[in-house]
Amino acid sequence: MSTREPPRKKTVWSLRSRAVRGWLYQALALAAVAAVVAFLAHNTQVNMRERGIQSGFDFLSQSAGFDIGETMVAYDPSETYGKALWVGVLNTLRVAVIGIVLTTLVGVLMGIGRFSHNALVRGVCYAYVETFRNVPILLQLLMWYLFFVEVLPPPQEAWNAGNLFYLSKGGFAFPSPVWAPGHAWMALGALVGLVAGVGYRRWAQREFERTGQDRNRWALPLAAVVLGAGLGWAAGGAPREWSVPEQLAFMVDGGISATPEFLAVLIGLTLYTGAFVAEVVRGGIQSVSHGQTEAASALGLSPRQRMRLVVLPQAMRVIIPPLTNQYLNLTKNSSLAVAIGYPDVVSIANTTLNQSGRAVECIAIIMLVYLTTSLSTSALMNWYNKRVAIQER
């Protein structure tokens, strides 16, 4: 016997329809916003024209003429303003991405540590949170910068660990591999191992829900990544050349060097935002009913298993939304790096503004960069939040 689909309701285009009125109000609001933006843009152009101020983004193709002390890509002062701003964007993204990873690790560890049965661990975590979240971030950045440029020894007397790691006023230097095609194969192998590890973790989760038997979900995925990277490294010719830092008469040469400005920004943002993330994690854990912990204990789960398998998965629905806000705050607070001379997009845009006189355009570029990074971070975290919500159903 065939079943018929119920007839679809036809949309009635009438002002009496709530849906139609909703679309109409949204269209009117959008038109009003567009009109205001158009008026402000036209008024700005008229005022700038009357005062003889040039406008437009044609300056991006002009030679910048200034050097940048720290770059992730090759840059020369003879290159364009556009290239200089791109260098600033990459420097901002480097601080934001590494800072988010380190902040997550610090915040989760400190948040869980607040529930430790060891009084010393609880006290240290509590003191960390109350200290770093109650001191303004700008003061913390200045404090770390002064530590690197005033307290640490000069480069010729750098603190040395095994002739491999050097820490001084010139920054932190450590060994790095010399790039070869084999490293690309190594990265590809690690990516394949990562995909295999994610697949194993999903299978282990399904088996745990079906049988109740818990499997180690970190050892095998990590081994898959290491094995994949090793096979890729071998397939690419097994490159072994390294650039090792060397102590010279007046400096440390070789390897990779992180400048004092970068280290001060990274450490300051990580410790400051990590204190807020710790409170987010603590609040999420406290939102889980105590009965869930008692039930897990009755099943014979260890404290570590209770936290990993029962408490944290349920706390994630409370943790993720405010955690997203902290990630956004970290990215936006990176603009304070201009106070200690780190060449992020704000610093380079300010230099570009002073030389070219294109204030509106430079400020618009800064706004676009932070808006894009914030929306991208928010979209990624919203996707993850929906994925967690689906898994809980």
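Residues are numbered from 1 along each chain as its sequence is written, and side-chain values use heavy atoms, with hydrogens and water left out. Because the model is predicted, local features need pLDDT of at least 70 and side-chain atom pairs count only at pLDDT 80 or more, whereas totals for chains, interfaces and linings use all residues.

**View 1. The second largest pocket and its lining.** Two or more lining residues come from each of α2 (81-113) and β8 (256-258), where helices (H or I, at least four residues) and strands (E, at least two) are DSSP runs numbered from the N terminus. The largest share, three residues, comes from β8.

**View 2. Helix α4 against helix α7.** Helix α4 (residues 137-151) and helix α7 (residues 260-286) pack at an angle of about 140°, with their axes 8 Å apart; axes are lines fitted to C-alpha atoms over the stretch in contact, and angles run from 0 to 180 degrees between N-to-C directions. The two helices, α4 and α7, are therefore oblique to each other, a class left after under 35 degrees (roughly parallel), over 145 (roughly antiparallel) and 65 to 115 (roughly perpendicular). Helix α4 passes α7 in a right-handed crossing, with the near helix turned clockwise from the far one by less than a right angle. In contact (heavy atoms within 4.5 Å), residues including Trp 144, Tyr 145 and Phe 148 of α4 meet residues of α7, among them Leu 263, Ile 267 and Leu 271.

**View 3. Helix α7 against helix α9.** The axes of α7 and helix α9 (residues 303-333) lie 8 Å apart at an angle of about 145°, and α7 passes α9 in a right-handed crossing. Contributors to the contact include Phe 276, Val 280 and Ile 285 of α7 and Val 311, Ile 319 and Leu 323 of α9.

**View 4. Helix α3 against helix α7.** Helix α3 (residues 119-132) and α7 pack at about 120°, with their axes 8 Å apart, and α3 and α7 are therefore oblique to each other. Tyr 128, Val 129 and Phe 132 in α3 meet residues of α7 that include Thr 270, Ala 275 and Glu 279.

Conventions: 1 Å grid on protein atoms, 1.4 Å probe; cavity = no way out; pocket = protein on both sides within 12 Å on 5 of 7 lines; lining within 4 Å.
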